[in-house]
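The entries below follow the order in which I looked things up.

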Amino acid sequence: MQFYSTRNKEDIVDFPTALFRGLAPDGGLYVPAEKADLKEVFNQFDSRTSFTDIAGQMIFSLLGSTFDRKQSFEIAKKAFPFSPVITGLKNDISILELYHGNSCAFKDYGASFLAQSMDTLLRNREEKAVILTATSGDTGSAVAQAFVGKENIDVVILYPSGRVSPLQEKQLTTLGGNIKALEVKGSFDDCQKMVKQAFVDRDITDRITLSSANSINLGRLIPQSFYYVWAYSRIRDAAPETVFAVPSGNFGNLTAGLYAQSWGLSISRFIAATNANDVIPKYIEEGLYNPMSSIPTISNAMDVGAPSNYERMTELFVGSVEKFREKISAFRVDDETTRETIKKVYNRENYVMCPHTAVGYRAAEMYQKEMGAQPVMVLSTAHPGKFTEVIEDVINIKPELPEELRKLEKLKKVSVIIDNTTEALKDYLLTTY
Ligand SMILES: *Cc1c(COP(=O)(O)O)cnc(C)c1O
């Protein structure tokens, strides 16, 4: 499979190029240039096929021109020592738990595949690279976890000093080895600006192969299609056509589902669930796409006012809002309703959901109310233990932190404190590499 930029169809590249570039040089996002038909492949999977086998087969089917069969299955095995879990709840709603990875959020799937495929390619070429990334907290930890111990890649993560939660800071600063945490005396915006400037600084790029790992990278998007396929293999006898509810911010997760559907997976509809940041629900209702500044909510990983994957979706739907409406129903859920939903489901079924998952759950209920009772699978994007404050406030219990995160409390933070200037970052990079 080859890929082109959403802003220039002539810019056709192979997977490794898209992977190491991240963003296309024209500022566009890479999207599949061909229509793949994987129906035959999907039909081979049943409820006993492991997640790694599904992932390995899909990597080979999609990216066979880059990775041979053996490499594809090896990448899958190394990238995914974890697997999704389905929990059935009342009223025909089931939860696809995607938080059983290292940082306890679904972003582990994307980050882990990205790391593994970059490492495989670099080892083949006997090259090294440095991943440079800025984080406001959560996404950086999935990236850090995914790359730890990779021989040919170092990761330099910038984070704003004193502005990430203590748990997030531990996730970034305790891995050591090839993961370097730079604690910036400034804001997240400063961190982002410094990273951007480093990428265009010739003194740096002449000496160091820099790459990014941000969420728009194809290497993070493609593996997110694997769990839709896995989920379908588990439920297809009961529900030959599936509806997925996806708690969304940048819409990477939902876009990956749309790709799985376009490759032949039998998905009848997507429910786009947003918090107050409702640019996409508004677009589907009114036909006008109006990005805005983001509004802070309790499902904060979804506080996105200008979802980057709109550009990919609109490419897939050739700019037609009608085509959007054929595939996607959208609902917005406010903070109060999110809290009520966490409480209601906990009281009724003793099941604790993170605020993002609750937005998805509530949207599934709204859809069922509109369309009549039918099974919906809700993607659960994070472990509730990562959002103790909200959960404790709503249901008065402190959700247990998963073991992966509990063990961090005892580890010692190691960071390099730097000024919020490009010069400071340049100094660090040129003296370290
Ligand atoms: C990133 C994130 C989301 C939003 O996913 P997108 O792919 O950006 O739509 C939802 N929930 C959690 C917990 C996240 O970290």
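**Entry 1: ground rules.** I note that this is a predicted model, in which local features need pLDDT of at least 70 and side-chain atom pairs count only at pLDDT 80 or more, while totals for chains, interfaces and linings use all residues. Residues are numbered from 1 along each chain as its sequence is written, and side-chain values use heavy atoms, with hydrogens and water left out.

**Entry 2: salt bridges.** I looked for salt bridges, meaning a side-chain nitrogen of Lys or Arg within 4 Å of a carboxyl oxygen of Asp or Glu, and the count came to 24. One of them joins lysine 185 to aspartate 419, with the closest N and O atoms 3.2 Å apart. Lysine 185 belongs to strand 8 (residues 179–185) and aspartate 419 to strand 14 (residues 416–419), so this pair ties together parts that are 234 residues apart in sequence. For such elements I rely on DSSP runs numbered from the N terminus, where helices are H or I with at least four residues and strands are E with at least two.

I then checked how covered these residues are, using the cut-offs of under 20% relative accessible area for buried, over 50% for exposed, and partly exposed in between (1.4 Å probe, protein chains only). Lysine 185 is partly exposed at 48%, and aspartate 419 is partly exposed at 42%.

**Entry 3: two further pairs.** Aspartate 278 and lysine 282 form a salt bridge whose closest N and O atoms are 3.4 Å apart. Aspartate 278 is buried, with a relative accessible area of 7%, whereas lysine 282 is partly exposed at 33%.

I also found a salt bridge between the side chains of arginine 339 and aspartate 393, at 3.8 Å from N to O. This pair links distant parts of the chain, since arginine 339 sits in helix 16 (residues 335–349) and aspartate 393 in helix 18 (residues 388–395), 54 residues apart. Arginine 339 is partly exposed at 32%, but aspartate 393 is exposed at 56%. Elsewhere, salt bridges with shared partners join Asp278, Lys282, Glu285 and Arg332 into one network.

Entry 4: In which order do the strands of the open five-stranded sheet run? I read the order as 9-6-7-8-14, with parallel pairing, where two strands pair if DSSP finds at least two bridges between them. Strand 9 (210–211) and strand 14 are the edge strands, each pairing on one side only. Strand 7 (residues 153–160) and strand 8 run parallel and are joined by six bridges; valine 156 has lysine 180 in strand 8 as its bridge partner.

Strand 11 (residues 267–274) runs parallel to strand 12 and is joined to it by five bridges, and threonine 274 has arginine 332 as its bridge partner in strand 12. Four of the five residues of strand 12 (residues 328–332) are buried.

**Entry 5: the ligand.** Which residues come nearest to the ligand? Of the 14 residues around the ligand, these are Lys107, Gly249, Asn250, Phe251 and Thr381, a residue being near if one of its heavy atoms lies within 4 Å. The shell divides into six nonpolar, seven polar and one charged residue.

A backbone N or O atom of glycine 249 lies 2.8 Å from an oxygen atom of the ligand, and a polar backbone atom of asparagine 250 is 2.8 Å from a ligand oxygen. For asparagine 253, a backbone N or O atom lies 3.0 Å from an oxygen atom of the ligand.

Key:
A polar contact is a pair of N or O atoms within 3.5 Å; within protein, one must be able to donate a hydrogen and the other to accept it, and residues adjacent in sequence count only if both atoms are side-chain atoms. Ala, Val, Leu, Ile, Met, Phe, Trp, Tyr, Cys and Pro count as nonpolar, Asp, Glu, Lys and Arg as charged, and the others, Gly among them, as polar.
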